[in-house]
Every structure is written in structure tokens, then in C-alpha cells.
Amino acid sequence: MQFDRRAFLRLAAIAPFTSHLLQMNGYPLNVETPLESLTDYLTPNELFFVRSHWIARMPDPKTWKLVVDGDVRTPRKLSLAELKTMPRAEATCVLQCAGNGRALQSPAVPGVQWNYGAVGNARWSGVRVRDVLARAGVRDAAKHLHMFGSDDPPGKVPPFHRSIELEKALDDCILAYEMNGKPLPPEHGAPLRMVVPGWAGDHWMKWLVRLTAAGKPQTGFYMDTAYRWPIQPGEPGVTFKPEEMRPLTEMAVKSNITTAPKRMKLGAVADIRGFAFSGAPGIARVELRDDGGKTFRAATLDTRHAPHAWRLWSYRWKSSRKGVHQLFVRATDSRGVTQPRVSVWNQSGYLYNAWHSATIEVTA
Amino acid sequence: MKALLVLILAASLPMPGTKFKELPPGKAKVDVEAACYACHSADILVQQRLNQKQWTATVEKMMRWGAVVPPEKKMPIVEYLARHFGPGAKFEPIRVQVPPR
């Protein structure tokens with residue numbers, strides 16, 4: 001076999017962007033995707049970020065059953081085989097960790113220091129939550145759905161128990177057993193996880209074992225202290241009290257640049273690419289501005305889209321002068337909300353969505 | 001050839017969760033390891049950029065959550081963490097191989 005040095009160097013250049021994840025924690029496992037790898041409409045399962053609060057204790061799918069109880073007329077225990085006999089539901093939508101971008105907040109806050117890659121877009125398949133709850137017959141008194149996974153932590157560590165409003169659960173939520181057409185991988189919550197389109201990842205409970213309909217929201221650290229959002233904005237660094245915050249639900253409108261050259265020749269045209277998404281069902285426009293201009297110009301949106309999926313975009317940028325340029329991107333969602341230049345401060349570093357930029361050096 | 005090269009490059013990376021960041025030398029290193037490693041690896045510690053007040057709050061939270069920290073070890077642990085992982089500290093995540101398709 002002949003050694004092709006050029007081919008090797010070309011592969012060596014792209015391999016770091018195609019073959020690895022970035023480990024934020026070894027155990028419990030937390031890994032993010034390099035931003036430059038997030039170029040596909042559907043993020044491949046093996047490149048999809050993983051967020052785990054505790055060391056996973058994955059249920060045995062052969063004996064596993066989903067318990068549905070609480071304010072219901074007929075409590076149920078449903079096996080995976082039974083769930084698969086029910087009408088199939090699918091949604092292509094973004095999963096983003098609430099803390100994605102925490103490392104970019106200033107001043108620094110504790111937690112996993114995600115940069116840009118705790119986000120991905122996948123096709124989730126399974127069964128509608130409303131179909132499962134209909135089997136149990138939810139009583140009118142129920143207003144919330146408590147979700148329990150199998151990843152119970154040791155000792156006094158608070159369990160990651162969450163709940164969502166029943167209205168949202170009945171609207172468009174899915175219990176997914178497939179991800180991008182393949183069985184849901186263990187690290188993504190097999191055999192079953194919650195899919196909550198438009199809402200941050202803390203609601204997307206993995207390794208589901210129990211759903212309980214209830215009149216009141218879940219209590220505990222992960223409802224009363226964590227995953228809360230300031231009702232009124234405050235100066236960076238201020239610490240809000242729990243009562244000054246509300247539960248964090250929808251994601252904020254956001255766009256990122258995934259593809260841009262670091263250097264280019266004067267007069268050349270660069271193919272800038274990226275993605276945009278929001279808690280709103282769609283993206284209305286994506287715009288770019290370079291540091292020489294005062295106005296944003298529209299990027300071209302990819303034809304593929306679905307409610308709460310991300311929208312890929314592209315933009316052809318022509319270099320007009322030598323030197324270092326900074327290109328900014330911002331998105332506007334279907335409700336008319338535009339990504340802000342500066343992200344809203346909160347002491348947990350949630351939903352960072354400041355304008356993203358790329359730096360390009362133009363040479364003669 | 002291309003496939004072989006990609007394989008070689010990928011194989012040179014560790015699998016997720018098989019390699020962890022190590023703590024820098026210091027008197028309190030062994031106490032940090034004893035208090036923290038039962039629940040999580042050092043990666044999550046070494047990426048923080050917290051001041052002493054934030055580290056104190058974090059260590060106290062972990063003690064409430066069951067971390068075993070003898071009273072006389074608390075301040076040395078806080079000072080060790082604030083000295084090494086204070087504002088401005090740099091962190092490079094470990095590159096890990098994507099799980100096989």
C-alpha cells in the first residue's frame with residue numbers, strides 16, 4: 001500500500017472535526033459536540049451531545065415497564081412491546097441542554113462549562129404522551145406530569161426528578177424509543193425518553209420508569225432551585241432568590257456559525273454556514289453583519305424545516321478589504337423575537353444566546 | 001486507505017468515560033479526591049473558574065449532598081480549588097472517540 005501524504009494531511013485536517021466528542025466529565029458522562037461538526041440537518045447519534053446528572057442505571061428493556069399512575073382512573077404498566085403497538089409518532093426537533101453556552105457567560109458560574117455543542121437536531125420516534133395517558137384516563141384534577149428516570153443518585157444527593165405542565169405534555173410531547181431511525185442509544189435514555197419540542201433538555205427525562213399525573217408540580221432541588229429563570233432581568237453577577245425566578249421552559253432564539261474559513265484571499269467568496277433554532281416553532285430569518293457594515297444581510301435558509309427543528313442556513317461573504325474581519329450572526333424566530341447581542345444574565349448560565357461571531361483574516 | 005487512516009486517527013482517542021483529568025499536586029489533593037471521586041470525576045472540577053466565595057458555596061453544597069469532608073479539611077480543600085481553578089483558569093476537554101456506529 002502506497003502512503004499518500006496529501007491524503008493523509010487532508011484527513012488529518014478533517015478528522016478532528018468528524019471523529020471526536022469533547023468530554024466535559026468522565027462520570028457521570030457529559031460530552032459535547034465540536035461546533036464545526038454540527039453541520040448536518042440530523043445530528044448523527046454518535047456525534048450527539050450527552051448530558052447525565054448521575055451515573056446511569058439503565059433499565060433492562062426485557063423486564064422494563066413504564067408505570068403510569070397518580071391522578072388517573074386506571075394505573076397502567078406498559079412494556080416496550082405494548083408501546084410499540086400504539087400509533088407511532090415522530091418529531092424532528094432540537095435537543096439543547098439548558099446550560100449550553102454556560103462557559104461563555106461572564107462572570108463565571110458553577111456547572112458543566114459547556115461551550116457551543118450541547119445541542120443537536122434529531123428525528124425522535126415513539127408514541128404520543130397523550131395516547132399513553134389516554135390509556136390510563138387522566139382525571140381533571142391533574143395539571144402536571146411528574147417524570148421519573150432510573151438514575152437515582154447515592155445518599156443525600158437529590159434525585160433528578162422533574163415535572164412539566166400537563167397541557168404541554170398532551171400537546172406535542174413524545175415518548176421516544178428511536179432516535180434518527182435507530183433504537184434509542186443507552187446514553188440517550190433507552191429504552192424510553194421524553195421529547196419536549198421547543199423546551200430545554202432538562203424536561204427531556206431519560207431512562208423513564210414512571211409518569212405520575214398530579215395536581216401540583218414536582219418539588220425538590222431540580223424544580224425549586226435549579227432550572228429557574230429570572231422574572232425581571234438583573235445586572236451580571238447578581239444572585240436572584242428562587243422566588244424571583246420562574247421555571248425555565250422554552251429555549252431562547254439562537255444561531256451559531258459552524259463553517260467559516262479562518263483565512264481567505266482578498267476578493268474571494270466564503271461559504272459561511274450554520275444553524276438556528278428557537279423555543280418558537282420556526283425561524284423567520286437569519287442575518288449576518290460584518291464589522292465593516294452597519295446593516296444585517298439575510299442568509300439563505302435551507303429548505304428542510306419542521307416545528308422546533310433547527311434551520312440550516314448559508315451565506316456567501318465576499319471579502320472587500322485586507323485585514324481581520326469579524327462576522328456576526330443573529331436569528332429571528334417565527335414570533336418575531338430576535339437573538340440579542342448580549343445574553344440575559346442568570347446565575348446558572350442557562351440559555352446563553354448572544355450573537356455568535358467568526359473571525360476571518362483576509363490576505364492579499 | 002482513507003478508511004484506514006480515519007480508523008487510525010479515531011483509534012488514537014480514548015472512549016468516553018475511560019480517561020479523566022487529573023488534579024494538580026498539592027496538600028489537599030488527596031482530600032479532594034476522597035471527597036469528590038465517589039460521585040464524579042475530576043473533569044468537572046478542573047473546568048470551573050470560581051472565586052473563593054463560589055468555591056466555598058460549592059463545597060458546602062456538596063457536603064450537604066453527602067460529600068465526606070472532615071471539618072478541618074474544608075478550608076484547605078476550598079483554598080486548593082480556588083487556587084487552581086479560580087477566575088481565568090484554562091480548560092481543554094479531553095477529546096474522546098465517537099462510539100462505534
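This is a predicted model: local features need pLDDT of at least 70, side-chain atom pairs count only at pLDDT 80 or more; totals for chains, interfaces and linings use all residues.
For the complex, the predictor gives an ipTM of 0.91 and a pTM of 0.93.

**View 1. Domain 1 meets domain 2 in chain A.** Domain 1 covers 22-226 and domain 2 covers 254-363; such bounds come from an automatic or database domain assignment. The contact draws 24 residues from domain 1 of chain A and 23 residues from domain 2 of chain A (two residues are in contact if their C-beta atoms, placed from the backbone, lie within 7 Å). On the domain 1 side, E5(A) gives the most, with three residues. Strands (E, at least two residues) and helices (H or I, at least four) are DSSP runs, numbered from the N terminus. By class, that side of domain 1 of chain A has 13 nonpolar, nine polar and two charged residues. Here Ala, Val, Leu, Ile, Met, Phe, Trp, Tyr, Cys and Pro count as nonpolar, Asp, Glu, Lys and Arg as charged, and the others, Gly among them, as polar.

**View 2. Two cis peptide bonds in chain A, at Pro28(A) and at Pro107(A).** Most peptide bonds are trans, which makes these worth a look. Tyr27(A) and Pro28(A) are joined with omega about -10°, and Pro28(A) sits in the loop between strand E1 (20-25) and strand E2 (30-32). For the bond from Ser106(A) to Pro107(A), omega is about 0°. Look for Pro107(A) in the loop between strand E5 (89-96) and strand E6 (119-128).

**View 3. Positive phi at Asn180(A) and at Leu351(A).** Most residues other than glycine have a negative phi. Asn180(A) has phi near 55° and lies in the loop between strand E9 (174-179) and strand E10 (182-183). Leu351(A), with phi near 50°, belongs to the loop between strand E22 (323-333) and strand E23 (356-363). Are these two residues buried or partly exposed? Asn180(A) counts as partly exposed because it has 19 C-beta neighbours inside 10 Å, whereas Leu351(A) is buried, with 24 other C-beta atoms within 10 Å. A residue is buried if 20 or more other C-beta atoms lie within 10 Å of its own, exposed if 12 or fewer, and partly exposed in between, with C-beta atoms placed from the backbone.

**View 4. The buried face of helix H2 (residues 29-36) in chain B.** Val32(B), Ala35(B) and Cys36(B) are buried in this helix. Seen down the axis of H2(B), they fall within an arc of 80°, so they line one face of the helix; the arc is that of the directions from the helix axis to the C-beta atoms. Their cover includes helix H3 (43-46) and helix H5 (71-84) of chain B.

**View 5. Chain B, with five helices and one strand.** Along the sequence, the pattern reads α-α-α-α-α-β. Of the 101 residues in chain B, 29% are buried. Among contacts in chain B with a separation of 6 or more, 73% come from residues 24 or more positions apart. Mean pLDDT (the predictor's confidence in each residue, from 0 to 100) is 91 for chain B, and 87% of its residues reach 70 or more.

Notes
Residues are numbered from 1 along each chain as its sequence is written. Chains are lettered from A and ligands numbered from 1 in the order in which they are written.
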